[in-house]
Amino acid sequence: MTTDVGKPKMVARNAESGGAPKTVSLPKTAAMDTAGHSQELEELLVVLQRELLEEGPPTCILDADGQMLYANKGYHKIAEALAAADALPSQSTLGLMPQSGDSTPIAVSQEHKLIIEGRTEYYRAKRRPIRGADGGMRATALVYEPTTKLKATATALVQATTRLDDTTRLVSDWVWETDRELILTFVSPRVHDALGYHPREIIGRSLNDLPQERTPKLLSLATSERHTPFRDIEIEVKHRNGEALLFRLNGLPVYCPDSGNFLGYRGTAENITALRQREDALISAKESAELANRAKTEFLANMSHELRTPLNAVIGFSEIMESELLGPLGSTQYKSYAADIHESAQHLLTLINDILDVAKIEAGAHELRDEEVDPYDIVSAVERLVAERAKRAELTLATQLPEDLPRLRADERKLKQVLLNLMSNAIKFTPEDGSVTLAAHLAPDGSFIFEVSDTGIGIAAEDIPRAFAPFEQVDSRLSRQFEGTGLGLPLSDGFVKLHGGHLRLESQPGVGTTAIVALPANRVI
């Protein structure tokens, strides 16, 4: 069977003859003024057409009976895969061929999934009718267009779209988009859960119309020439049921990928109503706790002052009775009772003074009385005060001071009280035949260091923070074995901090404890 498909011709419609095709001659030039040159050009065009067809996508030509007339290289590469997929072209796959003059169209394309060298590839077979000079159907060309990459792109697009749809449905925020005038063009379905409105009821409204009060930051977006991203714009929007809700808006400008023109904004709206309510509740609870703490501190301070007045009277009268200033008591046992009353009252007054000092520190009412002090005098005074107590406990008391210690700018009374509390604790918690040492030195960074070390029972590392809490005892067993209110260490820590320094403990159970007082370098003279 012969057809006119092999020889290319350039044809055009003749307006005068009613559209009958005719051959168009190329314009004559100096290089094409002979018949030989025109024939050579036609031959070149035939070769070019053949090359383009041979090197193009897989292509084959079938006659009206479905017999193969031609197949190019690309078709031969996929022919085996077509056979395996039972997709070889035939009369049955082509369908009913229209007769000469019949204009019934043939199905345009058909998808094929082929396995080529272990890979899955997709092709779309496009059918193109080939007609003869009389307009009758002569043959059918099948062009197999590779669609693997197109298929992968479409699949990725579907997955991305599905992922975006799932995200907008699942996240608590609702997603929105606007045009350049801030008119909402898209709202995710989440807006129904957030505000009770269907997205269609929101689309078409201005983003500026949503808040109960117009927000300057949102208004500036519509008028600003700089389309910058924005974050954390808080707006109050009414729910459909009338409830006022607080939302936090975040948005990014959107630009046309082709022209680069500004298109609008895209962003999210997060419902922070519950978060703000929790924050307000926490702030309220914090303020209430501070008020309660301040009330407690004021109560302790007032109570301490109220108790000190009668205690001072008890102490004064017991001293008079003990010294028998107004004459003999009549019995030596009365004198012993008066001594006990005096000692107990003094102890109680010391505790009340400690409570008052702790209350003042917590209230920030304590003030330092800075003066120039000699560390040797302070250590000597503390040593004299605890020497008798250490002797009764059968402990070795020692001091270690270098000869060139500088003087300090500090509150002498408070510094003595710090060292006295630390020495008293060391003596209290050190068994017989142990030792307590008070040392002082200048650190390499210029700070002044006092150290009180003992060979006592020690404290576990995890219990050290509890030792600094007022009224705390590290162990309930200790509170039964050793008397005390637990105010000495926190009070000392407060006094050291008033000086700008810090107090820390280094301890090991069964080995001993070292209390280190570090005063800043600016207090060294």
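Reply: A residue is called buried if its relative accessible area is under 20%. The model considered here is predicted. By that criterion, strand S19 (residues 512-519) is mostly covered, with eight of its eight residues buried.

Me: What makes both faces of S19 count as buried?

Reply: Gly512, Thr514, Ile516 and Ala518 point one way from S19, while Thr513, Ala515, Val517 and Leu519 point the other way. The cut-off is under 20% relative accessible area, and all of these residues are buried. Across the protein chain, 34% of the 525 residues count as buried.

Me: How do you know that S17 and S19 are paired?

Reply: Pairing requires at least two bridges between two strands. Strand S17 (residues 448-454) is joined to S19 by six bridges, therefore the two strands count as paired. They run antiparallel, and Val452 stands opposite Ala515 in S19.

Me: What makes S18 a partner of S19?

Reply: Seven bridges join strand S18 (residues 502-508) to S19, against a requirement of at least two. The strands run antiparallel, and Gln508 stands opposite Gly512 in S19. In the hairpin of S18 and S19, three residues lie between the strands, and Gly510 takes a positive phi near 80°.

Me: Why are S4 and S5 said to stand at the edges of their sheet?

Reply: Five strands form that open sheet, in the order S4-S3-S7-S6-S5, with antiparallel pairing. Strand S4 (68-71) and strand S5 (109-116) each have a single partner strand, so one side of each is left without a neighbour in the sheet. From one strand to the next, the twist averages 25°.

Me: How do you know that S3 and S7 pair within this sheet?

Reply: The criterion is at least two bridges. Strand S3 (residues 59-63) and strand S7 (residues 137-146) pair over five bridges in the antiparallel sense. As one example, Cys60 has Leu142 as its bridge partner in S7.

Me: Which strands does helix H2 lie across, and at what angle does H2 run to S5?

Reply: Helix H2 (residues 73-84) lies across S3, S4, S5, strand S6 (119-131) and S7. The angle of H2 to S5 is about 75°.

Me: What share of contacts joins residues at least 24 apart in sequence?

Reply: Contact means heavy atoms within 4.5 Å. Among contacts in the protein chain between residues at least 6 apart in sequence, 56% join residues at least 24 apart. The protein chain has 14 helices and 19 strands.

How values were computed. Residues numbered from 1 in each chain as written. Predicted model: local features only at pLDDT ≥ 70, side-chain atom pairs only at ≥ 80, totals over all residues. Heavy atoms only, no water. Helix = DSSP H or I, 4+ residues; strand = E, 2+ residues; numbered from the N terminus. Axes fitted to C-alpha atoms, helices over the stretch in contact; angles between N-to-C directions. Buried < 20%, exposed > 50% of the residue type's maximum accessible area, 1.4 Å probe, protein only.
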